[in-house]
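Here is a friendly note to read with the structure open beside you. Take the points in order and find each residue as you go.

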Amino acid sequence: MIRAFFGLSKNPFELTDIELLKHQEEVYETLKVHSQQGGLCLVMGEPGTGKTVLKEALKERTDKRTIVVSVARTLHTYTNTLKVLCQAMNVDENGIQFKCERRLIEQAYALHREGKSLITIIDEAHLMEMQTLRKLRLLFEDFPRNHNLILVGQTEMLANMSMRINEDLKSRITYSTTLKKLNPEDIEEFICIQLDKVGLGHNTFSEEALGLIVRSASGFLRRTRNLCLSCLLEAVRAQSRTVSLEMVNRVLIQPHWREEFDVNLT
């Protein structure tokens with residue numbers, strides 16, 4: 001609907017052709033370096049701070065020398081994670097765990113001989129049991145040093161790994177970072193970048209509307225994206241090429257936005 005009304009070739013605020021903000025680019029480049037040396041990396045942050053954007057950038061920007069495996073739909077059990085790894089690396093997933101592990105190790109060495117590196121991303125890793133993560137760590141210990149395991153999740157993940165019983169896991173972390181909420185300038189830059197990508201002018205949002213969106217987003221990228229899309233839909237409903245302050249307020253009175261705003265006032 002938005003694309004048809006504004007005459008766009010693609011939808012705005014999509015997670016494609018990703019352009020990272022400066023702090024995200026720094027994290028991305030660091031993760032790539034660790035992928036070439038072998039590492040265990042943690043990317044943490046509150047929901048909506050940009051972890052998914054980084055994950056998609058790693059998947060989208062890969063060259064022919066890098067294979068990215070993303071695990072997000074397995075409930076993080078060890079058996080299901082093994083199956084996803086086998087599928088992604090074109091390895092037979094049938095048989096007992098030991099056989100799957102042996103095939104994965106053999107394939108990792110085959111990729112290494114071809115000069116390729118391997119990145120495994122586990123999303124929502126704070127939901128993973130430490131015993132499952134320990135099994136994965138032992139598996140990857142037998143991989144050549146062309147592999148980076150990236151755990152993406154909330155900050156409680158590091159708290160769990162900091163317990164004395166999990167010291168063997170924490171001591172193997174090669175890099176960790178926490179994505180903070182963005183400042184208003186970064187939120188505004190993000191919106192402008194997204195508008196540029198689809199060919200919309202920066203004046204698509206009036207100055208007052210943009211200011212209210214930036215304040216209401218509270219530093220969260222996902223909240224910014226959802227709010228901008230809702231406002232663009234309001235513009236389509238009103239048959240207007242410009243998002244006005246009134247349209248933003250019309251979105252913000254919806255219960256799911258109102259409730260968050262009320263909580264912030266208390």
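The points below cover the pocket and then the salt bridges.

1. **What you are looking at.** This is a predicted model, in which local features need pLDDT of at least 70, side-chain atom pairs count only at pLDDT 80 or more, and totals for chains, interfaces and linings use all residues. Residues are numbered from 1 along each chain as its sequence is written, and side-chain values use heavy atoms, with hydrogens and water left out.

2. **The largest pocket.** The largest pocket has a volume of about 270 Å³. On a 1 Å grid over the protein atoms alone, a pocket is an open set of points where a 1.4 Å probe fits, with protein on both sides within 12 Å along at least five of seven lines; lining residues have an atom within 4 Å of a point. The volume is the space filled by probe spheres set on the points, which are joined across faces, edges and corners.

3. **Its lining.** There are 18 lining residues, and Leu 15, Val 53, Phe 190, Leu 221 and Arg 225 lie nearest the centre of the pocket. At least two lining residues come from each of helix 3 (51–60), helix 9 (184–198) and helix 11 (221–237). Helices here are DSSP runs (H or I, at least four residues), numbered from the N terminus.

4. **Salt bridges.** The whole structure holds twelve salt bridges, each a side-chain nitrogen of Lys or Arg within 4 Å of a carboxyl oxygen of Asp or Glu. In one of them, Glu 56 pairs with Lys 59, with the closest N and O atoms 3.5 Å apart. These two residues are three apart in helix 3, so about one helical turn separates them.

5. **Asp 168 and its partners.** Which residue forms a salt bridge with Asp 168 at 3.0 Å? The partner is Arg 134. This pair links distant parts of the chain, with Asp 168 in helix 8 (residues 167–170) and Arg 134 in helix 6 (residues 130–141), 34 residues apart. Asp 168 also meets Arg 137 in a salt bridge (3.5 Å, N to O). Because Arg 137 lies in helix 6 and Asp 168 in helix 8, that pair ties together parts 31 residues apart in sequence.

6. **Buried or partly exposed?** Buried means under 20% relative accessible area, exposed over 50%, and partly exposed in between (1.4 Å probe, protein chains only). Arg 134 is buried at 15%, and Arg 137 is buried at 12%. Asp 168 is partly exposed at 23%.

7. **A network.** Finally, look for Glu 234, Arg 237, Glu 246 and Arg 250, which salt bridges link in a network.
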